[in-house]
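Good morning, and thank you for coming.

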Amino acid sequence: MDKALEGVKILDLSRVQAGPSCTQLLGFLGADVIKVEDTGGGDRTRWEMAHNEHDSVYFTIFNNNKRAITLNLKDDRGRAMLADLVKWADIVLENYSKGVMERLGIGYEWLKSLKPDIIYASIKGFGNWGDWSEFKSFETAAQATGGLMSANGSPDGPPKGVSIGAGDSGTGLHMAIAVLAALRQRDKSGEGQMVEVSMQDGITNLMRISLIKPLSVGEVNTAWGRVPNVFRCAPGGDDDYVMIHTRGDLWITALAVMGKEAMFEDERYMTDELRGERADEVREIIEEWTMQRTKYEAFEALAAAGVWCGAVLTPVEVINNEHLKQREMIVTVKDDYRGDYRMIGSPVKMEKSPVTVTQAPRYSEHTDEILKSMLGVSEDELVELRSDGVII
Ligand SMILES: CC(C)(COP(=O)(O)OP(=O)(O)OC[C@H]1O[C@@H](n2cnc3c(N)ncnc32)[C@H](O)[C@@H]1OP(=O)(O)O)[C@@H](O)C(=O)NCCC(=O)NCCS
């Protein structure tokens with residue numbers, strides 16, 4: 001069966017998370033992704049946070065379903081081989097800091113001169129234009145400048161980041177949409193284009209709910225935090241919590257599940273605002289019930305009745321979660337080099353484009369194969385290129 005993006009060819013110059021998370025997702029959907037790495041060790045996630053002598057999970061977690069090649073792009077021969085791969089590609093994606101592509105002599109004009117309908121996908125911390133566009137960025141800088149850290153901090157404490165990759169993987173997701181839209185437009189017009197996502201823009205887009213109040217009444221959004229929504233469960237350990245959305249009519253539904261029908265008409269807790277003002281009392285009412293149950297029992301009983309809620313899972317519980325396994329979100333990847341390992345699956349499910357998560361490439365694993373089969377490089381040339389440091 002063909003995959004959705006079968007035949008789509010991506011030349012991936014990106015590193016770390018924002019770019020690789022995008023190309024991994026497109027790889028899940030069937031795109032042929034060739035990751036180009038430098039000859040000085042490649043994507044630094046290969047060794048950062050490594051837990052053994054093999055590649056770090058920090059690398060494998062964003063680089064399944066790709067092939068990997070090394071090319072020294074500061075060498076004319078490296079650039080010449082890249083040029084041939086650009087002619088092969090539909091999409092060139094990068095997340096260098098602004099100006100790197102041009103300094104390497106591989107900017108958009110060069111790409112277009114080789115492949116007029118190329119789609120050039122550029123991820124930047126602050127975009128390719130605007131006052132801050134020269135600045136480098138990463139996850140927490142994006143969270144800081146997109147308003148997320150401030151909005152996530154408590155009113156009496158300092159700003160605080162969130163642990164999800166909202167800045168990095170969030171940008172990757174936005175870029176996947178941009179790339180697919182550009183492919184669709186190219187199908188119709190025959191023309192390529194440059195598509196761009198800035199990490200600060202991406203966070204700002206994800207912040208829409210927190211920007212309602214600043215946009216409407218010019219205040220920060222404090223109301224959302226007031227009604228308690230996380231409650232302790234049995235046996236009362238550090239990780240024993242359930243999240244229950246007690247706003248609106250769900251307050252009544254939750255009370256019914258808890259056998260507290262007598263409180264339906266209690267004026268003190270009738271509205272979200274009153275429940276926010278009496279947060280400690282609300283917590284006591286709910287925990288009287290939740291503390292008699294594990295977080296899973298509380299979650300499943302309330303959710304079955306239609307209450308929006310969730311057991312608060314730790315990351316370890318997430319990777320062992322049966323439901324996520326049934327959904328193929330936790331999969332076992334066959335890897336003949338590193339040994340089989342558990343990995344995160346594809347969150348995108350398609351009836352006619354099922355995903356097999358394949359092993360992340362070793363450093364420079366496919367250099368010879370790609371250069372020989374796609375560019376016609378001979379064995380002797382490979383030896384010379386290798387001894388000159390153009391490839392690894
Ligand atoms: C992530 C980031 C902060 C890293 O900064 P950095 O490590 O200083 O890397 P830069 O992108 O500035 O530069 C990369 C360098 O590697 C070189 N390089 C990269 N690939 C190469 C290759 N295949 N061959 C030769 N050189 C290569 C570049 O030429 C550049 O060198 P130069 O500064 O001499 O021109 C920066 O790239 C950035 O802000 N990117 C955009 C936002 C982003 O994606 N952030 C990360 C989210 S996970």
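Helix axes in this talk are lines fitted to C-alpha atoms over the stretch in contact, and angles run from 0 to 180 degrees between N-to-C directions. Helices (H or I, at least four residues) and strands (E, at least two) are DSSP runs, numbered from the N terminus. The model is predicted: local features need pLDDT of at least 70, side-chain atom pairs count only at pLDDT 80 or more, and totals for chains, interfaces and linings use all residues. Residues are numbered from 1 along each chain as its sequence is written.

Let me start with the whole protein. It has 19 helices and 11 strands, and its C-alpha atoms fill a box of roughly 85 × 50 × 40 Å along the principal axes. A residue counts as buried if 20 or more other C-beta atoms lie within 10 Å of its own, as exposed if 12 or fewer do, and as partly exposed in between, with C-beta atoms placed from the backbone. Of the 392 residues, 36% are buried.

I turn now to a pair of helices. How do α8 and α9 cross? The axes of α8 (residues 168–189) and α9 (residues 199–206) come within 9 Å and cross at roughly 90°. That makes α8 roughly perpendicular to α9, a description used for angles of 65 to 115 degrees. Two residues are in contact if their C-beta atoms, placed from the backbone, lie within 7 Å. On the α8 side the contact involves Gly170, Thr171 and His174, and on the α9 side Met199, Gly202, Ile203 and Leu206. By class these residues are three nonpolar, four polar and no charged. Here Ala, Val, Leu, Ile, Met, Phe, Trp, Tyr, Cys and Pro count as nonpolar, Asp, Glu, Lys and Arg as charged, and the others, Gly among them, as polar.

Helix α9 has Met199, Gln200, Gly202, Ile203 and Leu206 as its buried residues. They cover an arc of only 160° around the axis, which puts them on the same side of α9; the arc is that of the directions from the helix axis to the C-beta atoms. Their packing partners are α1 (18–28), α6 (139–145), α7 (148–152), α8 and β6 (193–198).

In α15 (residues 295–304), the buried residues are Lys295, Ala298, Phe299 and Leu302. Viewed down the axis of α15, they fall within an arc of 95°, so they line one face of the helix. Their cover includes β8 (241–244), α12 (250–257), α14 (279–290) and β9 (309–311). After α15 comes Gly306, whose phi is positive, near 100°.

In the loop between α14 and α15 lies Met291. Leaving aside residues up to four places away in sequence, Met291 touches Arg232, Cys233, Ala234 and Gly236. Its C-alpha atom is separated by 7.2 Å from that of Pro235, 56 residues apart along the chain.

Finally, I come to the ligand. Which residues come nearest to the ligand? Of the 23 residues around the ligand, these are Val16, Asp38, Asn95, Ser97 and Lys136; a residue is near if its C-beta atom, placed from the backbone, lies within 6 Å. The elements giving two or more residues to this shell are α4 (100–103) and β5 (119–124). The shell has 11 nonpolar, six polar and six charged residues.

Technical notes:
Parallel < 35°, antiparallel > 145°, perpendicular 65-115°, else oblique.
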